[in-house]
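Hello,

Here is the structure I said I would pass on. Please have a look, then read my notes below.

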Amino acid sequence: MEGDDEYNDGNRAFLQAFMARGTMTLREAKPILANILTIQEGEPVETVQITQEIFDSYLSAAQEALSSLDYDIRSTMHQVAKKRIWAIVNTTSDAMTQLATLHSAEEIAFVKRVLDAMFDKYNSPRLEAMFLDSMQFHQCCRAPAAAQAADAVEEDGEEGQPPQPSQQLRGLKSSEAEAMMQSMVDEGWFERSVEGCYSLSPRALMELHSWLIETYNDPGAEPGDWQRIKFCEACKDIVTVGQRCTERDCNVRLHDICEEAFWRTKREKKCPKCQTLWDGKHFVGERAVTETEAYRRSKGHRGRDGRSSGLMEQIMAPDEEEEEEEDQEHLDDE
Ligand SMILES: [Zn+2]
Ligand SMILES: [Zn+2]
């Protein structure tokens, strides 16, 4: 049941199904491969008969077929769900260019603003959120250039300079931004949590891997300087949901799904770089906000779905130099 060595109709059918989805898990591949093998072998092949080994053989055949087209098949673990996800990744053109084939310049500029908010504005040594709640998401709708241009016209009246072509992006209406985000979720670029917060999907983390590092990390930083994009000490993939070293400027991060195996090989639960005790209570992602004292205390005053965007906004407010300690006290007072 390993299939013929030669690339055949079964391989072609599998690759087609894979490309249509963009990503695939073993669970998703099982019924597809069972159907393919049923046709090929002329007798029923059950889903339970499809092993990882069979899946692997189809993956490597697909990988070979794709390699001449500048595509590769990569895989990563979902940071929370602990399932392996395979994706077809373009190895030459950057992801933003790929998006251009399906979306308008306005839509792509909007996605860029969402990514900037996730990985720059709401990702600081104090608080590595790397997600957006609905309020922060809506703040990304309008293009900053359009806002500035509108102000300039108001000030200068008709004498104002006509906007440059690069400034002609106006941004999206709320409804357009929501529709765009929905299609990005459907295409597998973003995930939306039950709380309505957006974060990057495993597929996007694979596609944007190099782009995120190039865009948000400082190539001139000294080794050991805090960087925006950081990697799991165990699996080496990017961490947007997980645990962080207690030391604010230390770059060591761990996925929750990776920590058990990681600590099993260590004598003590200490950061491998700075030797600080690892308490497992410092987080990256939504818990960086929801596990704060200010957030938890406020939760008692609200209903089950009474998540306050305003409060999240306050907690996630970007650093103003060293005023952050004061901010924290201020929050605690409320
Ligand atoms: Zn990991
Ligand atoms: Zn450390």
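Rings of Phe, Tyr and Trp (its six-membered ring) count as a pair if their centres lie within 6.5 Å. Bear in mind that this is a predicted model.

Aromatic residues first. F14, F18, F55, Y58 and W86 make up one aromatic cluster. The structure has 10 aromatic pairs. In one of them, F14 and F55, the ring centres are 6.1 Å apart and the planes stand at 80°, so the pair is edge-to-face. This pair connects distant parts of the chain: F14 is in helix α1 and F55 in helix α3 (residues 52-67), 41 residues apart. F14 is buried, at 0% relative accessible area. F55 is buried too, with 0% relative accessibility. F14 also pairs with Y58: centres 5.6 Å apart, planes at 65°, hence edge-to-face. F14 lies in helix α1 and Y58 in helix α3, so this pair ties together parts 44 residues apart in sequence. Y58 is buried, with a relative accessible area of 3%.

R12 is in helix α1 (residues 9-21) as well. R12 is partly exposed, at 42%. Its side chain makes a polar contact of 3.2 Å with that of D9.

Now the metal. C232 (SG), C235 (SG), H255 (ND1) and C258 (SG) coordinate the zinc ion (ligand 1) at 2.1 to 2.4 Å. The site is tetrahedral, with angles of 96 to 116° among the four donor atoms. The donor spacing in sequence is C-x2-C-x19-H-x2-C. C232 is buried, at 1%, whereas C235 is partly exposed, at 34%.

One last item: the charged end of K266 sits over the ring of F262, 4.3 Å from the ring centre.

Best wishes

Terms used. Residues are numbered from 1 along each chain as its sequence is written. Chains are lettered from A and ligands numbered from 1 in the order in which they are written. This is a predicted model: local features need pLDDT of at least 70, side-chain atom pairs count only at pLDDT 80 or more; totals for chains, interfaces and linings use all residues. Side-chain values use heavy atoms; hydrogens and water are left out. Helices (H or I, at least four residues) and strands (E, at least two) are DSSP runs, numbered from the N terminus. Buried means under 20% relative accessible area, exposed over 50%, partly exposed in between (1.4 Å probe, protein chains only). A polar contact is a pair of N or O atoms within 3.5 Å; within protein, one must be able to donate a hydrogen and the other to accept it, and residues adjacent in sequence count only if both atoms are side-chain atoms. Donors are N, O and S atoms within 2.8 Å of the metal (3.2 Å for Na, K and Ca); water is not among the atoms, so sites may look incomplete. Four donors count as tetrahedral if all angles lie between 85 and 135 degrees; four count as square planar and six as octahedral if opposite donors are over 155 degrees apart and all others between 65 and 115; anything else is irregular. Rings of Phe, Tyr and Trp (its six-membered ring) pair if their centres lie within 6.5 Å; planes under 30 degrees apart count as stacked, over 60 as edge-to-face and the rest as tilted. A charge sits over a ring if NZ of Lys or CZ of Arg is within 6 Å of the ring centre and within 35 degrees of the ring normal.
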